[in-house]
Amino acid sequence: MRREMQFSSPAHQADTALAGMWLFLATEVMFFGGLFFIWLVYRHVHAVGFAAATQCTSLLIGATNTLILLASSLAFTLGVLAARKGDHRTLLRLSMVTAALGLVFIVLKGVEWAQDVAAHLFPGAGFGIGGTDAGGAQLFYAFYFVATGLHAVHMLVGVALVLWIAWGAQRRRFGPAWNTPVEVVGLYWSFVDLIWVVLFSLIYVSGRV
Amino acid sequence: MSATLERNYLTEQWTLRSWLLTTDHKRIALLYFASITVFFFLGGAAAALIRLHLILPQGALLSHEMYNRVFTMHGVVMVWFFLVPAVPVTLGNFIVPLMLGARDLAFPRLNLFSWYLFMAGGIVGVAALFWGGVDTGWTFYTPLATDYARGHVVMVVVGIFISGFSSIATGLNFIITIHMLRAPGLRWFRLPIFIWTIYATSIILVLATPVLAITLALLAFERIFHVGVFDPALGGDPLLFQHLFWFYSHPAVYIMILPGMGIVSEIIPAFARREIFGYKFIIWSTVAIAVIGFFVWGHHMFVAGTSLYSSIVFSLLSYAVAVPSAIKVFNWIGTLHKGSIHFDAPMLYALGFVGLFTIGGLTGLFVAALAADVHLTQTYFVVAHFHYIMVGGMVSAFFGGVHYWWPKITGRMYPEMWGRMAALLIFFGFNLTFFPQFLLGMQGMPRRYASYPPEFQVLNVLSSAGATILAAAYLLPLGYFTWSLFRGARAPANPWGATGLEWTMPSPPPTENFATTPVVTERPYAYPPPGAEPTHAP
Amino acid sequence: MWPLPRPASSNAPELDALIYGLLVMTVAVLLLVFGLMLLYVVRYRAGSTLDRGSVAEKSWRFEITWTAGTLVVFFGLFLWGADLYVRLFQPPGEALKIYVVGKQWMWKVEHRGGQKEIDVLHMPVNTPVELLMTSEDVIHDFSVPAFRIKHDVLPGRLETLWFRADETGRFHLFCTQFCGTDHAAMIGEVDVLSGPDYENWLATAPSSGDLVAEGQKLFMRYGCSGCHQAGLAGGGGTVRAPSLNGVFGSTVPLSDGTTVQADDRYIRDSILDPSSQVVASYAPVMPSFKGVMAEEDLLRITAYIESLAGGP
């Protein structure tokens, strides 16, 4: 572990790195929060269209993906615990599991999008949902693609970070003396999971109950 | 060149690689200085074109479409590639660790990455503006920007989006640094005010910029896929765009001005040789501006079709946010009282700031008054108002800070007489350029007009004359600063006799700043009583 | 008084008083600020032998004083501005309605009698006028500096602006929301005429027919009468639709329990986006006419519905 010269001790460096990740996640809250806020405004204005559009989302894929992500968070959290104990092998395995689950999520998302596009649910000319509030339904899907797209980008970054941790675990870089990167990536991964839970509630659930 | 060349951060290594891959906050600050200067002159060239064009009522130089592209470029470049980053990434990067007694920022590699992000965003944005141009104004109102404007709107927006990440990373770096890397003994209420203003600025940067990011992302999505997020014809709401846009862009103006206020709070005590008046009140005012500034965005929309009740609330809050700024002005003036005042260039810029910022701020009260805003909004009155604060205020403070810390950064003194002349010329040229615009606005001349009714010509010509003087005045520092790098007198560690940890370092500092971490026991601005004068470098 | 344009509307004198008041306050503060700065830099310049004594230690009293003073002055200015805004910009009961449509890059004006004009607005002096404005494309802004009025004109929405011109004459009309290439050319004039002159102008201006009469024809052509059967007590045929007799100006109960005033905006929204506000006890089956009905037809039908008298 390379201690940078501006820190007075390894603990100081570790604390600083964690503080940085928390602050970064706060900015992400503002980013996604802005999106959620607009969503809520439009849902209020276009209740009919949003309800119609929600019916066309795939609850099966959405719920499956939610379970996958929750499982992946569990896996990585266990990995963080392993890192604290210096258990490289477990950390490696759990990181690979996490990354694999993340990739499954992305693949399923791709499948879902393909289905949506085939069903003429991508906004624009030829949009498939009609009715009295077709505009509202189209707005729903605009948000759907923007929000899930942005989330998928965050997921890809997350998978890359988890694989980086796996690589570090293989080279036995982490242990009780220093496992800050594992903690930091763990925070990020849990956050991306949390964002998904909110998205799932808004996209798949809230119009159906 | 002196025979005994010390080892410092400049002389450490000279290769291009050592500059482009540096993680030293001081070198990164210089990289940013270069970028910022280029963008400033780019935006300034656009301004020159605008003022030249407007000397004739029918327009002297450009077609309507070209003019619209030029003022859009001026706004986009000046706001996102100059004003928002300027002080934090140059003076902030260089001075903050030194003021804190730290060896670098918390995340030096992130700092370097921020510069690359900034350059990428700036290049993409400027390329779009040149290659075909964008004519929506820097505010990108919908549905004009999404469905009607031709040009590379998406490309510009992508450029701004990328540079936004640079802003967030910079802000994050400063916040964590100020929390975690203060020298022992540097309690929060011993910190120089510049640190407090950088901190407040960084809070706004990290909280507001993501909202801009999502707004621009939706704008691009709508433009590419013709979806109606903001387009009423497709079920969207154009006012929603305005709310989201101003939710970022109003706090953004506090990002621009707070560091300037911090610089002035360092310069005035140093050149009045006494401690600052009302240290804690200035700090609380800084925090108040940052917080209240998030809740006034609706004052950009008083005639936009928002509800009466929301407008009343936004007007009240806009008056509230002006109070802490007034408190600061009174405190700076209080610092002059019973001081021992020197008129070096930094002080001239600081005094100019106080005067011009006060004018700008007071004229803000005109547009904050609901009924008066109906007449004054969207006219040259608003243009004058914000230029008094941004250019008269912020740019003056920036120049003041550059002059003040130039000896520390470069190890050279700039020629003082030229510095003072430029400061005075800038003050004069600035007022001649922008004061007539208050009058134009009261008369009703709208902004963003490529041509105008003839009765407005005289004031336009006066303004353009001022702009010529201002342009020349801004070129002067470019000249004498460059000269000073080769021929300026060598600067001692503390040419101004100022307080603050940065002045305990040699000029220029060594790469690692402090060999041993200092311990701070004194209050800030602990100037000796008037009479104990320092010796300035010649 | 210069630099403000000669006040020509009933709002203008009070609004000008506010601006002058702000100006007086500004000048007073600037005299204080610049005056003190000048005084101090001269008195306390380096090298001046003035005995400075000890520097003021307790700054609290000053801080509280100038903070309180600033708060009081600023709050007073806010109240003044807000009061004027609430009083002056709310329309009186009866006003002459004139319709304005903004479009890149011209102002289209239509009067009740169907008289049309472009980039000019003729109106009578000393009469409250209510402009009903919308845009065909992007956001514009209708601004007449001489009357101290200004309001954004939005696509897909109806905005209202009222004023009363107190002087005859010709006054600049500007578009003041950047709207594209020829934004600066979207200039017109407001031509304020005396009562008789205005009547003359109405009689001689080219007209496409009285708006209300035109509206009645359109009401049938678009099929509105099929469900709403204006003139009879309620819906005809198999569809039950609210009666439109006397609806304009009344309070309409909605299906979500709230009520709404049936003004121009309500009528327009009901035609373009009927599912957003459904009348209580009716099914949301009315089709939307968005994209189907031209702006000018919309104005005429609204004018016709406004003219329908009758019981509840």
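Trainee: In what kind of crossing, left-handed or right-handed, does H5(B) pass H7(B)?
Mentor: This is a predicted model, in which local features need pLDDT of at least 70, side-chain atom pairs count only at pLDDT 80 or more, and totals for chains, interfaces and linings use all residues. Residues are numbered from 1 along each chain as its sequence is written, while chains are lettered from A and ligands numbered from 1 in the order in which they are written. A crossing is left-handed if the near helix is turned anticlockwise from the far one by less than a right angle, and right-handed if clockwise. For H5(B) passing H7(B), the crossing is left-handed.

Trainee: How do H5(B) and H7(B) run relative to each other, roughly parallel or roughly antiparallel?
Mentor: Helices (H or I, at least four residues) and strands (E, at least two) are DSSP runs, numbered from the N terminus. Helix H5 (residues 108–130) and helix H7 (residues 153–180) of chain B pack at about 160 degrees with axes 7 Å apart; axes are lines fitted to C-alpha atoms, for helices over the stretch in contact, and angles run from 0 to 180 degrees between N-to-C directions. Angles under 35 degrees count as roughly parallel, over 145 as roughly antiparallel, 65 to 115 as roughly perpendicular and the rest as oblique. H5(B) and H7(B) are therefore roughly antiparallel.

Trainee: And how do H2(B) and H5(B) run, roughly parallel or roughly antiparallel?
Mentor: Helix H2 (residues 25–53) of chain B packs on H5(B) at an angle of about 15 degrees, the axes being 10 Å apart. The direction of H2(B) relative to H5(B) is therefore roughly parallel.

Trainee: How many charged residues are in the contact of H2(B) with H5(B)?
Mentor: Residues are in contact if their C-beta atoms, placed from the backbone, lie within 7 Å. Among the residues that meet here are Phe39(B) in H2(B) and Trp115(B) in H5(B). Ala, Val, Leu, Ile, Met, Phe, Trp, Tyr, Cys and Pro count as nonpolar, Asp, Glu, Lys and Arg as charged, and the others, Gly among them, as polar. The contact has 11 nonpolar and four polar residues, and the charged ones number no residues.

Trainee: Is Pro509(B) buried or exposed?
Mentor: Pro509(B) lies in the segment after helix H16 (457–487) of chain B, and its contacts beyond four places in sequence are Asn8(B), Tyr9(B), Lys26(B) and Leu98(B). A residue is buried if 20 or more other C-beta atoms, placed from the backbone, lie within 10 Å of its own, exposed if 12 or fewer, and partly exposed in between. Pro509(B) has 23 other C-beta atoms within 10 Å, so it is buried.

Trainee: What is the radius of gyration of chain C?
Mentor: The radius is taken over C-alpha atoms, and the globule rule is 2.2 Å times the number of residues to the power 0.38. A compact globule of 312 residues would come near 20 Å, but chain C has 27 Å.

Trainee: Which helix gives the largest share of the side of chain B that touches chain C?
Mentor: The contact takes 68 residues from chain B and 67 residues from chain C. Helix H3 (64–83) and helix H11 (308–336) are among the helices of chain B that each supply at least two residues of that side. The largest share, 14 residues, comes from H11(B).

Conventions
Contact = placed C-beta atoms within 7 Å.
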